[in-house]
Protein chains: 2
Amino acid sequence: MTATELPTTQWLTGDEQLAWRAFVQMYTALTTRLNRDLIDQSNISDSDYAVLVHLSESPGGRRRAFELGRAIHWEKSRLSHHLTRMARRGLIQREDCLTDARGAFISLTATGWSTIRLAAPRHADSVRRYFVDVLSPAQRAAIVQAGEAVVAAVELAEAPADTRPLR
Amino acid sequence: MTATELPTTQWLTGDEQLAWRAFVQMYTALTTRLNRDLIDQSNISDSDYAVLVHLSESPGGRRRAFELGRAIHWEKSRLSHHLTRMARRGLIQREDCLTDARGAFISLTATGWSTIRLAAPRHADSVRRYFVDVLSPAQRAAIVQAGEAVVAAVELAEAPADTRPLR
DNA sequence: CACTGATCGATGACGCGTCAACCAATCGTC
DNA sequence: GACGATTGGTTGACGCGTCATCGATCAGTG
């Protein structure tokens with residue numbers, strides 16, 4: 001939802017602004033639409049989806065909470081809250097970890113399994129419909145490269161100063 | 001935050017998946033980072049920023065609430081809630097509309113003005129640093145075109161069925 | 001003028017995400 | 001093996017976004 005820049009304030013040049021606005025519009029349209037499809041078709045949010053997919057690809061549909069958190073880049077408190085809500089809806093359950101008494105395993109319930117199995121292909125259809133199918137191979141390639149460059153720039157900024165090359 | 005697809009479940013082909021994941025990673029990295037910069041540097045969220053920018057570019061720093069909502073694509077209830085919070089922080093204020101007794105004008109306060117004037121150039125720097133400067137002109141052009149295609153596809157799905165071409 | 005329907009906006013309830021604080025267990029070091 | 005630091009995880013408070021509902025006003029029609 002980051003700010004739609006508006007044309008009259010030229011903090012960015014015309015070209016730069018055009019690209020930035022296109023990008024913002026693209027991802028807002030895309031994410032709101034995909035989330036809407038997910039809710040309408042499968043009654044889960046995109047956050048639920050991320051958790052379910054990751055668990056469904058873990059051995060036994062089961063994984064340590066902290067691993068899950070790392071995999072989907074959520075902080076532990078957000079994860080804990082969300083798991084509580086998903087458990088309440090019967091999608092996942094918590095289990096004790098025998099080898100580390102602090103830890104918890106998160107595992108899919110039968111409901112969780114059937115939910116993700118129904119949701120995944122529908123979601124893939126949506127992704128194809130609004131994204132993959134409307135882009136040329138060249139455009140997709142450009143996005144892959146752009147993604148690498150942007151992620152690298154952001155990670156550079158996030159690295160602590162002493163591990164970062166001078167500039 | 002829409003779901004990170006994971007490699008082992010091939011609902012999308014390798015190439016498709018690559019592009020989709022690159023896109024998701026790009027916008028999550030970008031939006032969280034930009035929002036963080038905005039909060040750290042200017043003590044406002046990206047939502048605040050969108051409102052402030054739009055008002056600052058309206059005549060007299062003043063605009064009808066519903067126009068504001070349309071411009072930034074917010075539903076009226078979200079807007080109303082957010083304006084309440086921004087008013088509480090002294091960034092904006094509500095004024096009566098003389099020509100339409102239902103309506104409200106939203107206007108920047110002095111604090112709102114100074115906030116956006118400080119925030120905008122810093123935000124532009126961030127956009128340049130993480131996005132504009134790391135992309136080639138060709139990549140930017142590809143993003144502009146991709147954005148148009150995606151937005152068109154989404155809007156097509158959102159148009160009511162009877163205004164939509166058969167397929 | 002009266003009626004109907006649409007529009008502008010606010011509100012309450014509720015799920016979500018962040019922050020700060022906390023507890024318990026584990027690891028590293030001496 | 002004791003002790004401080006780190007790690008895994010939960011909780012409560014609070015701001016945010018969505019939904020449903022509501023009140024008030026306006027516009028169009030007869």
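This report describes the predicted model in terms of its chain pair, its sheets and helices, and the surfaces near DNA.

## Basis

The model is predicted, and local features need pLDDT of at least 70, side-chain atom pairs count only at pLDDT 80 or more, and totals for chains, interfaces and linings use all residues. Residues are numbered from 1 along each chain as its sequence is written, while chains are lettered from A and ligands numbered from 1 in the order in which they are written.

## Relation of the two chains

Chain A is superposed on chain B by a rotation of 180° with 0.0 Å of shift along the axis, at an RMSD of 0.1 Å. This is the relation of a two-fold axis. Ala142(A) has the C-alpha nearest the axis in chain A, at 3.2 Å from it. The superposition is by least squares on the C-alpha atoms of residues with pLDDT of at least 70 in both copies.

## Interface between chains A and B

In the interface, 58 residues of chain A are in contact with 58 residues of chain B; contact means that the C-beta atoms of two residues, placed from the backbone, lie within 7 Å. On the chain A side, α1 (14-42), α2 (46-56), α5 (110-130) and α6 (137-158) each supply at least two residues. The largest share, 16 residues, comes from α1(A). Helices (H or I, at least four residues) and strands (E, at least two) are DSSP runs, numbered from the N terminus.

By class, the side of chain A that touches chain B has 38 nonpolar, 13 polar and seven charged residues. In this scheme Ala, Val, Leu, Ile, Met, Phe, Trp, Tyr, Cys and Pro count as nonpolar, Asp, Glu, Lys and Arg as charged, and the others, Gly among them, as polar. Of the interface residues of chain A, 100% are also interface residues in chain B, so the copies meet through the same surface.

## Sheet of chain B and its helix

Chain B has an open sheet of three strands in the order β1-β3-β2, with antiparallel pairing. β1 (62-64) and β2 (92-96) of chain B are at the edges, each with a single partner strand, so one side of each has no neighbour in the sheet. Neighbouring strands are turned by 30° against each other on average, direction ignored. Strands count as paired if DSSP finds at least two bridges between them.

Five bridges link β2(B) and β3 (residues 104-108) of chain B, and Ile92(B) has Leu108(B) as its bridge partner in β3(B). Three bridges link β1(B) and β3(B), where Arg62(B) has Ser107(B) as its bridge partner. Helix α2 (residues 46-56) of chain B lies across β1, β2 and β3 of chain B and runs at about 95° to β3(B). Axes are lines fitted to C-alpha atoms, for helices over the stretch in contact, and angles run from 0 to 180 degrees between N-to-C directions.

## Sheet of chain A and its helices

In chain A, three strands form an open antiparallel sheet in the order β1-β3-β2. β1 (62-64) and β2 (92-96) of chain A are the edge strands, each pairing on one side only. Three bridges join β1(A) to β3 (residues 104-108) of chain A, and Arg62(A) has Ser107(A) as its bridge partner in β3(A).

Two helices lie across strands of this sheet. α3(A) lies across β1 and β3 of chain A, at about 90° to β1(A). α4(A) lies across β2 and β3 of chain A, at about 115° to β2(A).

## Surfaces near the DNA strands

DNA strand C is surrounded by 25 residues, the closest being Ser77(A), Arg85(A), Phe66(B), Ser77(B) and Ser80(B). A residue is near a strand if its C-beta atom, placed from the backbone, lies within 6 Å of it. The elements giving two or more residues to this surface are α4 (76-88) of chain A together with α3 (65-72) and α4 (76-88) of chain B. The largest share, six residues, comes from α4(B). By class, the surface near DNA strand C has six nonpolar, ten polar and nine charged residues.

Around DNA strand D there are 24 residues, of which Phe66(A), Ser77(A), Ser80(A), Ser77(B) and Arg85(B) come nearest. α3 (65-72) and α4 of chain A together with α4 of chain B each supply at least two residues of this surface. α4(A) gives the largest share, six residues. By class, the surface near DNA strand D has five nonpolar, ten polar and nine charged residues.
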